[in-house]
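The following exercises are to be worked through with the sequence and the structure at hand. Each task is followed by its solution in steps.

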Amino acid sequence: MRPVTLCGFKAVAAAFARRPKCVQRLFFDAPTAPKTGEFCKWLAQERRVYRQVPPEELERIAGSVHHGGIVAVTERPVLRAPRFGELAEWQKLGEPLLVLDRIGNPHNLGAIARTAAFFGIPRMIIAKHPLQAQPNDAAYRVAEGGLEQVQIFEVVDLLQIVKQLPKHFLVVGTSVHRGKDLENAKPPRAPGRPVALILGNEETGLDPKLEGQCELLVRIPGSGLVESLNVSAASAILLHWISAGRPLKNIATRAPAET
């Protein structure tokens, strides 16, 4: 399986904090070298490669000029589906769930993961679908460590898992044409059921079958000069909305996500 290349100090530091055994190699430039001591010490103990390299080599390794002075080559996390009974376990924890319906741009996936981590959303479900972006190099770069804090689950049949959600979660979806204006909708609350927020594809929105499973549909009202926000921008507004009044937990202190 092709490894993931992480760029930028925040992304690399998050990987060392959450899944250090997955870090295979580390490269950095001279200005960043003073900040890498703990990383290099751990890699030396594990007899793994780390070294300072000139800027042109770092750019080649990263495959981008946007490397932030440091690049880590890591194992790609293995995505799995929720196990039997896990939805009920998540319900008991009272934490919101994020579901993505064919978000196709990896930059959007990374930005959404960063926002989810900011608001303490610990889990995200995506579909194993040709139109669904995967957690790749670009997504990790944009997430700036967020993909280390949010565990991603992947399912073959997204509709089937969404049909199971109402028993455990209050299912909220987005619809530009049918949704209730956010400014007129109170943050959703259902006793004993945290919110599961479903975000739809950048071009086509939510699949109608998924939309039909939602207990509440909302839209973000705007000027009308453009139809909608980019999905990553919309996710920030919506996650802030569903988090209103909810104490945010520091998920960085939890046990590392499974890989």
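**Exercise 1.** Identify which residues are linked with Lys10 in a network of salt bridges, and state how many salt bridges the count comes to.

*Solution.* Step 1. A salt bridge is taken to be a side-chain nitrogen of Lys or Arg within 4 Å of a carboxyl oxygen of Asp or Glu. Step 2. Lys10 belongs to a network of salt bridges with Arg114 and Glu144. Step 3. Under this rule, 12 salt bridges are counted.

The model is a predicted one, in which local features need pLDDT of at least 70 and side-chain atom pairs count only at pLDDT 80 or more, whereas totals for chains, interfaces and linings use all residues. Residues are numbered from 1 along each chain as its sequence is written, and side-chain values use heavy atoms, with hydrogens and water left out.

**Exercise 2.** Determine which parts the salt bridge of Arg123 and Glu95 ties together, and whether Arg123 is buried or exposed.

*Solution.* Step 1. The two side chains, Arg123 and Glu95, form a salt bridge with an N to O distance of 2.9 Å. Step 2. Arg123 is in strand 6 (residues 123-127), while Glu95 is in the loop between helix 4 (86-93) and strand 5 (97-100), so the pair joins parts 28 residues apart in sequence. Helices (H or I, at least four residues) and strands (E, at least two) are DSSP runs, numbered from the N terminus. Step 3. Buried means under 20% relative accessible area, exposed over 50%, and partly exposed in between (1.4 Å probe, protein chains only). Arg123, at 13% relative accessibility, is buried, and Glu95, at 6%, is buried as well.

**Exercise 3.** Decide whether Arg178 is buried or exposed, and locate its salt-bridge partner.

*Solution.* Step 1. The partner is Glu211, at 2.5 Å from N to O. Step 2. Step 3. Arg178 has a relative accessible area of 60% and is exposed, whereas Glu211, at 13%, is buried.

**Exercise 4.** State where in the chain confidence is lowest and where it is highest.

*Solution.* Step 1. pLDDT is the predictor's confidence in each residue, from 0 to 100. Step 2. The chain has a mean pLDDT of 91, and 94% of its residues reach 70 or more. Step 3. Confidence is lowest in strand 9, with a mean of 86, and highest in strand 5, at 98. Step 4. Over residues 251-259, pLDDT stays under 50. For this stretch the model has 22 contacts (heavy atoms within 4.5 Å) beyond four places in sequence.
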